[in-house]
Amino acid sequence: MKIPGPTPTPTPASSASAVHETNTAAAPQQAPKKPLYKSLFVQILVAVGLGIGIGHFWPDLGSALRPLGDGFIQLIKMIIAPLIFLVIVTGISAVGDVKAVGRVGVKALLYFTGATLFALVFGLVVGNIVQPGAGLNIDPNTLSQDALNAKTGTAPPKDAGAFLLGIIPTSVVGAFASNSLLQVLCFSVFFGAAIVVVGRERCLPVVNLLETVLELFFKIMGWVMRVAPVGAFGAMAFIIGQYGLGSLSTYALLIAACYGAAIIFIGLLFVVAWVYPRVPLWQFIKYSREEFLLALGTASTESVLPRIMTKLTNAGCSRATTGLVVPTGYSFNLDGAALYLSISLLFLAQAFGYNLDLGQQLAALGILMLTSKGMAGVPGSAFLALSATAAALGIFPVAGVALLLGADRLMDSMRVSVNLLGNCVATFVVAKWEGQFDRDAMLRAFRGELTEGTETLETPESATAEGATAGGAPAADAAVEPVAAR
């Protein structure tokens, strides 16, 4: 009979090896890094650089490349309306609480109003300090209304009532056909709420169908994004070829004021993002660098709407919150446009020799709060908003707004970057406010533990519940699971 001896004590080497093996097995494996030439960020960066070079050295060729940029944006617009519908409906049905959806909408509008008001006031402060139009002494008799009409298409400005009525679609088919995002969002909320009221169990076949269709649309989006560098190249070549870098000197002080204000405002967004939802915004920008570069290259936030919604959802915001806040913010939370409008208004007044007193600036502030909301989605929206404000104030001629035609496209980078970042911060804030934000999922996304190039609105909860593949990426079934209420 063999007497059992004491259990052997593992040596330090064997203990370290065991711990190492355990940690290796427990730690999620990151996807292997792609070669640089396969990185979408690098491809877009090179395309933007080539576009600037073509536009500067061969301006006629650059101007002729506009269809490349326009074609890419049209491809994106092709999927935006149905994608918003599918994201919102599946998100609301997953939350299962109509009141919660209403709270998200109210909180988003409160945040949008506060952010826009602050951006307008901050722009007025900058305009008063820098005085970008002082000393220009423009003669009103030298101005022509024709150039301004060509830019705005002579579209009459909407009042607040007409704008609010315009949110309600007269035809569901018409809302999708015209790509009216607010009308699509309005119908989507009603449709999703109806599923909740009728009951998710009874509507499960419809929900499953919508989930499958949503997966198909993300696959289409992945194909469209493969030509994003071509679109960025064409758009940038057109902008530089059409307007040239020489315009920088003509509006140097105005451009410096707008971009300086934008940098400070972005710094404030960093503070807001860190103080409340505890989001390290620099890491988010790094995580979404492809989307931000594409938006700058195409001078359009619409070109990245589907992708930025995916990134926000993967970063811990619920699908319902992302689906409601981001499309609404594209019309109601244009912080970069608000900065530009208030600084440009003072620029025009100063250019004609007028110094607006405090009462006039407060009146202009109230008018801009209304006109900046009602102009969303209208061609030449900034010029329409400024024209309506100039007409209401009656201080300088409306035709004077045409002075900004040469500088407007040079402001696109400022407006696009601030608008996009402002809406991302708004989504994090509202999601945290409503208790639908998973910070741990955000940190995992920032560390690259999600497969790069994810084309689905992936949810951390479902990925945890369903498990992961051997490579560390979430299981395929988990990628399309709806967001649970958080």
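This is a guided tour of the structure above, moving from charged pairs to nonpolar cores and then to one helix.

The model is predicted, so local features are described where pLDDT is at least 70 and side-chain atom pairs count only at pLDDT 80 or more, while totals for chains, interfaces and linings use all residues. Residues are numbered from 1 along each chain as its sequence is written, and side-chain values use heavy atoms, with hydrogens and water left out.

**Stop 1: salt bridges**

A salt bridge here is a side-chain nitrogen of Lys or Arg within 4 Å of a carboxyl oxygen of Asp or Glu, and by this rule the count comes to eight salt bridges.

Begin by selecting Glu-302 and Lys-77, whose side chains form a salt bridge with an N to O distance of 3.5 Å. Glu-302 sits in the loop between helix H15 (289–298) and helix H16 (305–314), whereas Lys-77 belongs to helix H4 (residues 66–95), so the pair ties together parts that are 225 residues apart in sequence. Helices are DSSP runs of H or I with at least four residues, numbered from the N terminus. For accessibility, buried means under 20% relative accessible area, exposed means over 50%, and partly exposed lies in between, using a 1.4 Å probe and protein chains only. Glu-302 is partly exposed at 26% relative accessibility, and Lys-77 is partly exposed at 35%.

Next, select Glu-211 and Arg-319, which meet through their side chains in a salt bridge of 3.4 Å, N to O. Glu-211 is in helix H10 (residues 204–225) and Arg-319 is in helix H17 (residues 319–332), so this pair ties together parts 108 residues apart in sequence. Glu-211 is buried, with a relative accessible area of 9%, and Arg-319 is buried as well, at 1%.

**Stop 2**

Now select Arg-307 and Glu-290, where the closest N and O atoms of the salt bridge are 2.7 Å apart. Arg-307 in helix H16 and Glu-290 in helix H15 are 17 residues apart, and the pair links distant parts of the chain. Arg-307 is buried at 11% relative accessible area, and Glu-290 is buried at 10%.

Contact means heavy atoms within 4.5 Å; leaving aside neighbours within four places in sequence, Lys-311 is in contact with Tyr-287, Ser-288 and Glu-291.

**Stop 3: nonpolar cores**

A nonpolar core is a set of buried Ala, Val, Leu, Ile, Met, Phe, Trp, Tyr and Cys residues joined through side-chain atoms within 4.5 Å. Select Leu-254, Phe-284, Ile-308 and Phe-428, which touch the most other members of the largest nonpolar core, a set of 125 residues. The largest share of this core, 14 residues, comes from H4. If you centre the view on Leu-254, its contacts beyond four places in sequence are Pro-132, Ile-343, Phe-347, Leu-404, Ala-407 and Met-411. Another core, of five residues, lies apart from the largest one and includes Ile-54, Leu-65, Phe-233 and Ala-237.

**Stop 4: helix H9**

Finally, select helix H9 (residues 181–198), which has 18 residues and reaches 26 Å from its first C-alpha to its last, close to the 26 Å expected at 1.5 Å a residue; the expected span is 1.5 Å times one less than the number of residues. Among the buried residues of H9 are Leu-181, Gln-183, Ser-188 and Val-196. After H9 comes Gly-199, whose phi is positive, near 120°.

How values were computed. Helices (H or I, at least four residues) and strands (E, at least two) are DSSP runs, numbered from the N terminus.
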